[in-house]
Amino acid sequence: MTADLIARLGKITGPRYVSGAAEERYLYSMDQGTMPPAAPDAVVMPKTTEEVRQIVMLANKLKVPVVPMGAGLVLSGLTRALKGGIVIDMKRMNRIVTVNPASRYVVVEGGASQGMLKAYLDKHHPDLKHSMPDAPPVATLAGNICIHGSGHLSVLGGSHSDMLNGMEVVLPSGEIIRTGSCGVSGGWFSRAPLPDLSGLFLGWSGTTGIVTRLGIKLFPKYRYNDVLIFVAEDPDLMPDMISRLTSVQAAEDMTPWMTPKPDWARGFLHINIAWGGHTKKELIFKRNLLQGSVREYIDRKIAGFLPLPPPQKGRFLKIPSPDLARFADLRRGGGFEYVGAIMAIEHFPDAYRAGLAIAEKFNVAYSLGARIIGAGHAMMFFFAYAFNRADPEDVKRASDALEATNTAALEIGGIPWKAELPAQKQIIEKMDPDTFALMGRIRAVLDPNHIMNPGNWEKD
Amino acid sequence: MEHAEILHRCFRCGYCKLPGNYADINCPAYLAYCFETYAPGGRMWLLRAWLDNKIEAGSRFAEIMFSCTACGNCVAQCAFPEFRDRLLLAFTAGREALLDAGTAPPSVRDWLTRIQNHGNAYGKPAKKSLEWADGLEIDVFDGQEYALFVDDTGIHEPRGREIARAVATLLTTAGISFGIIGKPCFSDGNDVKAMGETALFESLAEKNISIFNALNIGKIITLSPHSYNVLKNDYPALGGQYQVFHYTQVLAFAMGRLPLSADRPGLTVALHDPCYLGRHNADYASARMVLQALPGVTMVEMDRNRADALCCGGGGGNFFTDLLSGGDDTPARSRAREAAAAGAQILAVACPLCAIMLEDAVKSENLDKTISVREISEIVEGRMDLQGNAR
């Protein structure tokens, strides 16, 4: 069966881009997180939408599971082949198709990376930028948008899925559809005013289709950029501080962070605030707005802005920053995973205290933080734990801490983001039953043979 | 296996796959195959799995490990400063362990056997080692300031011989005091070392050192950046202490002595930085100094240049073992497209291996009417006025 499958896949993509070898099956069975491995039977790397369509048609015919994968950096095991089958590694479809500077959008293929788009814009459209997540630059745009990621323009533009203008998707049946304006006019400028079919593929963990093209919003790139760090000690004041800082609508990005290392940071709550301006005057004007918004706290001497020398500012303004990846070496073991929970701003103090308690209980190296989404409309609060992959006990500790964190996040009122399998089941438990039933009916319509990333978003 | 203790510390974040500006994939093997297994992080995890008996070292495993060109992009870009410098050492150690286990791809095995038996990668008799210089009227080394070392490709490969002759002609014209080594030398061992065959490397190096020392050589000019790297960085530990220069490093300061013609048509040139001159030894200036000294030459840079340069795919022995060939996205073909996109008429190289790899790639891409690959020595030679009409 497997040899036949690989031969047939090879006829679609060419044999060079198909493998059922032990090496690929091993490496694609896992990601960097703590989820146990689940190996595919084959890994295939299509180059075109047509090849994706043919792969899906073949999988349908053979009733073989299909798992789409971007860079495989989700950390929560969503690209593991839980029921075997085919992992479709999308990275050969990595073209930047077009940029529309007037309407500020870009069209990219489903395997294009964050870094490649950044480099392309830097070179060809230096006055434009897109919102980059904190993930490494090899992370794909499609993967991040499909998991409702966020990034360094999320205060300005919301979640990355909010910055999506439309998609080309290969359905599990093999049909190719286009959502948003591109489905009608050929332009990729808006999801409105049509029925928003993009939602059928956002947050579904690859269970409803394979995204082969996306239209993504771009933003003006400022000549001058700056960062402030606001520091406080009382977590109960954080919601109001965030509310005030976002109320002036000057920042592009706002990321609270709390970590025991370095020593000077321990016990303090920091908020990195990044903004920009076309002129120095605009930059200063916005800085004054931001500083003025929290003046009351400064005057009361219960919070203040951290003096930042220029080299340190440069480090905080570096996008993407390798510092996050480096957290994986905290335990000298190449592993970290995190629960990022989407939650309301007012839950910040509870989330912070829950994170500290869990880290203490499980004795794990932690980093807590958040990314503010929109003008204080929500946040992605993350609880990150480093572990040593070579130490099974350490992996187990991190895994247990994650499960406890998922539980705590749900109890607080948040929702685990890009939830791994156990967290999906916890979410389903709390989900309105009719809503979950509708999810099932939608999947059944789109994917009658149940080939798309099976095992995810299922009760049993 | 040496360096095994760092394997599990790799997070597979993927910075190693890219250049510093993220413009495109910059790991040659990963570019060619795209599977995660071929990326540096994939190799790290696979080696760990092999040592943990989670997978066996079969033929594909060996091909993955030996397809690394040792270009050093991963070392330059890795996000983890505590162990980034050991990445290539770990891959070399992994290859050494595979060779010890008798698991090497046939092309690697055959290449090493040829070198073992003949002292060079081409399996040619040593007596032919001076033929490349026939008719050039170059003296054999006998106490001149420099000895010129041309290695296998310059001796035995027809294209390499052309380049070696061009370099020797330039050095002579510039009045550099040098001689060619009159005794048959052995392969420099650079790529043998990168392939993990340490004992063979040491044997080759010691034989060359013995020849160099017997001739009392103090300064060596190399044709190839590979030779430059190994003579400069690895021979000293084996008793071979020399001042080593790549020929561009000598030429860069002798350009004023060449009879350069001012009336040649203008040329737009992009430089392909060789890995063993650039990333491994941080010299991005010499080759550019040579080109910039040429009247009528305008330099353009490719997106991936200097420390971000894409390897041609011929490093680490892959020139001979050919584990990256086939497919549209071989490093050399990608590089040829990049040079054409940069608007270059000439893709300048400073290494005979790069020259051959990229010349083939330009043809494969049907770009030979748009761009041509020229070794720097040949570009300079072509812009000299040997009839005495100096600038």
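A:Arg80 sits in the loop between β3 (66–69) and β4 (86–89) of chain A; helices (H or I, at least four residues) and strands (E, at least two) are DSSP runs, numbered from the N terminus. This is a predicted model, where local features need pLDDT of at least 70 and side-chain atom pairs count only at pLDDT 80 or more, while totals for chains, interfaces and linings use all residues. Residues are numbered from 1 along each chain as its sequence is written, chains are lettered from A and ligands numbered from 1 in the order in which they are written, and side-chain values use heavy atoms, with hydrogens and water left out.

Back to that arginine. A:Arg80 is buried but makes no salt bridge, and the nearest side chain of opposite charge, A:Asp31, is 6.1 Å away. Here "buried" means under 20% relative accessible area, "exposed" over 50%, and "partly exposed" in between (1.4 Å probe, protein chains only). For charge, Lys and Arg count as positive and Asp and Glu as negative, with His and the chain ends not counted. A salt bridge needs a side-chain nitrogen of Lys or Arg within 4 Å of a carboxyl oxygen of Asp or Glu.

What does the side chain of A:Arg80 reach? The backbone oxygen of A:Pro36, at 2.6 Å. Leaving aside neighbours within four places in sequence, the residues in contact with A:Arg80 include A:Met30, A:Val67, A:Leu421 and A:Asn453, contact being heavy atoms within 4.5 Å.

A:Leu421 is one of the buried residues of helix α14 (residues 421–430), along with A:Ala423, A:Gln424, A:Gln426, A:Ile427 and A:Ile428. That buried set packs against α13 (392–412), β19 (415–417) and α15 (433–446) of chain A. A:Asn453 belongs to the segment after α15, and at 1% relative accessibility it counts as buried.

| Residue(s) | Feature | Value | Where |
|---|---|---|---|
| A:Ala192 and A:Pro193 | cis peptide bond | omega about 5° | A:Pro193: loop between β9 (176–180) and β10 (210–217) |
| A:Ile319 to A:Pro320 | cis peptide bond | omega near -5° | A:Pro320: loop between α10 (310–317) and α11 (323–326) |

**Where the chains meet**

The size of an interface is often given as the accessible area lost when the parts come together. Chain B and chain A bury about 3,700 Å² between them, 61% of it on carbon and sulfur atoms; this is the accessible area (1.4 Å probe) that the two parts lose on being put together, summed over both. The contact draws 46 residues from chain B and 47 residues from chain A.

How many salt bridges are there between chain B and chain A? There are five. One pairs A:Arg332 with B:Glu82, the closest N and O atoms being 2.9 Å apart. On the side of chain B that touches chain A, the elements giving two or more residues are α1 (28–33), α2 (40–51) and α3 (59–66) of chain B. The largest share, four residues, comes from α2(B).

Note on methods. Polar contact = N/O pair within 3.5 Å; in protein donor to acceptor, adjacent residues only side chain to side chain.
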